[in-house]
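Here is my note on the structure, as numbered points. Please read it alongside the sequence and the coordinates.

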Amino acid sequence: MPKILYKLHCYRLLKVYLTFISVCFVMLVTPWRTYAQDLLVDVPVPPAEITKLDERCNYIIDNFWKHFNFKSAFSSHDKMEATLGQFIAVAPYATADTVYAAVDNLIKGVEKADAKNLVPLAQMVERWCGTDTAEYASEEFMLPFAQAVANSKKIKGPEKEYYSAMAQRLGNSRTGVKPADFTFTTPDGTTERFSDVTQPTVLLFFYDPNDFQSRLARTRLGNDYVVKTLTQHDLLKVVAIYPGEPDETWQADIDGISDQWIIGAAPGIDKWFTIKGYPQMYFLDEDRVITDKNFSTDAIIQYFGQFMQPRK
């Protein structure tokens, strides 16, 4: 076989192979709920020249909604939800800027066709990724859909209130942002502000005095050598907040908390911070920007332990 024909043959085999791999990948990430249903789009197939996984996924995500019929999409909620699930399944393998742009195009397309469909769209996204038990749990992915409902002038009623509250909570407590300031009641009855904390780093510790895991984490952190050392040297301040009323139950529990911590009660604080369970911890840097959250007690103790490691 002449060399040029051989190269052409190899190229065609490579193209077939990459197409096969793309189809297999899409099948692997396709949520099980979509197999029994038809999608409202033909999933884009990247050209053979694109060989890297993230670039191929970028191609799929970037072209996913380009020829989508937004006007008839919600005539079948099941098919729309299945199609959305396919998009969400591929999104984690694409780059963030590509996903954000595609999400923006999706929201704008739905809003232009019929803004009221932003509500069922947000409900579908919430089922796919808006809860702890969702198949692709992601607060970051959920946020723009909640914001779209909250910002729409054509949507009113309980759905708008619900997603407005969600948008406020997710937007305020996501990693990389400086959360809104808040007040809390101290054990002596005075009111203080979170912004008054002056230490360079803060561990915001939401707890429930009646919760066993809260008490256990509180005891471990309060007795941990590294945490105590950082606190004593004013390099760290633990701010323990009970998201309820400063009642007798809360007051009776205070004796079990380290006297080096700031203790407060802030009813309604869960409107501003996502509290999935107790304890819920947020780590904030010197600029009061959230750098991490949703970690275990073991993880935070291990993280602080790095500061005490001898330098080589």
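1. E139 lies in helix α6, which covers residues 139–151. Helices (H or I, at least four residues) and strands (E, at least two) are DSSP runs, numbered from the N terminus. This is a predicted model: local features need pLDDT of at least 70, side-chain atom pairs count only at pLDDT 80 or more, and totals for chains, interfaces and linings use all residues. Residues are numbered from 1 along each chain as its sequence is written, and side-chain values use heavy atoms, with hydrogens and water left out.

2. Residues up to four places away in sequence aside, E139 touches L170, T274, K276 and K293; contact means heavy atoms within 4.5 Å. The side chains of E139 and K276 are joined by a polar contact of 3.3 Å. A polar contact is a pair of N or O atoms within 3.5 Å; within protein, one must be able to donate a hydrogen and the other to accept it, and residues adjacent in sequence count only if both atoms are side-chain atoms.

3. Overall, the chain has 11 helices and 7 strands. Of its 312 residues, 45% are buried. Buried means under 20% relative accessible area, exposed over 50%, and partly exposed in between (1.4 Å probe, protein chains only). Among contacts with a separation of 6 or more, 67% are between residues 24 or more positions apart.

4. Which residues have the most contacts inside the largest nonpolar core? They are F141 and F145, in a core of 44 residues. At least two residues of this core come from each of α2 (53–63), α3 (77–90), α4 (96–114), α5 (118–129), α6 and α7 (158–172). Another core, of 24 residues, lies apart from it and includes F205, V227, I263 and F283. A nonpolar core is a set of buried Ala, Val, Leu, Ile, Met, Phe, Trp, Tyr and Cys residues joined through side-chain atoms within 4.5 Å.

5. Beyond its neighbours within four places in sequence, F145 is in contact with V103, L106, I107, L121, A122 and V125.

6. The count of salt bridges is 9, a salt bridge being a side-chain nitrogen of Lys or Arg within 4 Å of a carboxyl oxygen of Asp or Glu. R218 and D253 form one of 2.6 Å, N to O. This pair links distant parts of the chain, with R218 in helix α8 (residues 212–223) and D253 in helix α10 (residues 248–253), 35 residues apart. Both R218 and D253 are buried. Salt bridges with shared partners also join D132, E139, K276 and K293 into one network.

7. D104 and K108 form a salt bridge with their closest N and O atoms 3.1 Å apart. Both lie in helix α4, 4 residues apart, about one turn of the helix.

8. K237, in strand β4 (residues 236–242), is buried yet has no salt bridge. The nearest side chain of opposite charge, D234, is 5.1 Å away. Here Lys and Arg count as positive and Asp and Glu as negative; His and the chain ends are not counted.

9. The disulfide count is 0, where a disulfide is a pair of cysteine sulfur atoms within 2.5 Å. C57 is buried at 1% relative accessible area, and C129 is buried at 2%.
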